[in-house]
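Subject: Structure for your review

Dear colleague,

Please find below the structure that I am handing over to you.

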Amino acid sequence: MDFFNSALGKNITFVRPAYFIISGLSGIPNIKHYYVFLFFVYIVSVLGNTIVMAVIYLDYNLRAPKYIAVFNLAFVDLFGNSALVPKLLDIFLFNHRYIPYNDCLTFLFFCYTCLSMQSFNLVALSYDRLVAIIFPLHYQVKVTHRFMLSLIASFWVFVIIAVLIAVGLLTRLSFCKSVVINSYFCDHGQIYRLACNDHFPNYAISCFYPVLIFWLPLFFILLSYLYICCTLAKVATVQQGLKAFKTCIGHLSLVAIYFIPLLTTFTLMENIHPNARIINLSLTSVFPPMLNPIIYVLQTQEIRESVKRLLKVGRKSKIILKN
């Protein structure tokens, strides 16, 4: 098997289709109402993440390294939802189910890049909580602006390269039969299964990447919180431990919202109905970006206070302008 060109030296005509067809949900009456619902979720997500980014940018009190990761998480949520939902609405509400080959791969790249970056953003935030609670005296030295920027940048580079490899391997496939993708977007797993030549490298990627991009980050996050709990149990009173752990509730909520439905769907993918898989994955793609800013505003005292300060400044400015 030639890894890069499986059609080479074999009696196979290499076929690159002009377009793919996105099937979406089938056999469900009034399904357009579901896509309208996703549109409203998208609007809330855009407003929420824009507000979080604006608050962090405008308030100089939120210049801690932690908020670099929070800002990046809001940016990824906004960017990812904007890459997915408008195109999804165009495909299903306006019935533009035919998507050109190159556009489909580009669509896939942006969706998977943002989905993967959410996972690594949560790793960055868990590391911040780990150092802040376990090594509070060394926090200013260990978690600097430069370190956090470097960490986030390295995650971006890693994810982009990983997704580019997956997309590059799709270009070696020949599609001589069906071009119908049984998903709501250009789904990597559904695309490579349509190939009529050898797709083992793509299959290997589809098995390896979930471990690398989802399971390993989740393992690190759970391990970090296990270490936090063990340390607090040894050195702190119950009241001190609860006070310290309270600062992690927002992050743990984000971890649960992101990982539980995503990994459940990936684990049971072969055993659930295609419509159920599509609904689960679409909700998993759009709900965390909507809930993340709401959770951070409600759970993070600094952001709540910052929002109050900015609102007061806005009211004072209006009063001055009126006078």
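A residue is called buried when its relative accessible area is under 20%, exposed when that area is over 50%, and partly exposed in between. Asp59, at 6% relative accessibility, therefore counts as buried. Please keep in mind throughout that this is a predicted model.

Salt bridges

Side chains of opposite charge can pair when their charged atoms come close. How many salt bridges does a search of the whole structure find? The search finds four, and three of them are described here.

Asp59 forms one of these bridges with Arg309, with 2.7 Å from N to O. The two partners belong to distant parts of the chain, 250 residues apart: Arg309 is in helix α11 (residues 301-322), while Asp59 is in the loop between α1 (32-58) and α2 (66-92). In contrast to the buried Asp59, Arg309 is partly exposed, at 34% relative accessibility.

A salt bridge also joins the side chains of Lys87 and Asp90, at 3.9 Å from N to O. Because these two residues are three apart in helix α2, about one helical turn separates them. Lys87 is partly exposed at 28%, and Asp90 is partly exposed at 23%.

In a further salt bridge, Arg129 pairs with Asp128, and their closest N and O atoms are 2.8 Å apart.

Strands of a sheet pair through backbone hydrogen bonds, either parallel or antiparallel. In this model, three strands form an open sheet with mixed pairing, in the order β2-β1-β3. Its edge strands, β2 (98-100) and β3 (180-181), each pair on one side only. Strand β1 (residues 19-22) runs parallel to β3 and is joined to it by two bridges; Ile22 has Ile181 of β3 as its bridge partner.

Helix α3 (residues 101-134) lies across β1, β2 and β3, at about 90° to β2. Ser126 belongs to helix α3 and is buried, with a relative accessible area of 0%. Which residues is Ser126 in contact with, leaving aside its neighbours within four places in sequence? They are Phe220, Ile221, Ser224 and His251.

Disulfides and other cysteines

The search of the whole structure finds two disulfides. One joins Cys104 to Cys186, with 2.0 Å from S to S. The torsion about its S-S bond is about -125°, which means that the disulfide is left-handed. Cys104 is buried at 0%, and Cys186 is buried at 0%.

The other disulfide joins Cys176 to Cys196, also with 2.0 Å from S to S. Cys176 lies in the loop between α5 (145-170) and β3, and Cys196 in the loop between α6 and α7 (200-235), so the pair ties together parts 20 residues apart in sequence. Cys176 is partly exposed at 42%, and Cys196 is partly exposed at 26%.

Counting bonded cysteines along the chain, the disulfides follow the pattern 1-3, 2-4. Cys114 is in no disulfide, and the nearest cysteine sulfur, that of Cys111, is 7.5 Å away.

Yours sincerely

How values were computed
Residues numbered from 1 in each chain as written. Predicted model: local features only at pLDDT ≥ 70, side-chain atom pairs only at ≥ 80, totals over all residues. Heavy atoms only, no water. Helix = DSSP H or I, 4+ residues; strand = E, 2+ residues; numbered from the N terminus. Buried < 20%, exposed > 50% of the residue type's maximum accessible area, 1.4 Å probe, protein only. Pairing = 2+ DSSP bridges. Contact = heavy atoms within 4.5 Å. Axes fitted to C-alpha atoms, helices over the stretch in contact; angles between N-to-C directions. Disulfide = S-S within 2.5 Å.
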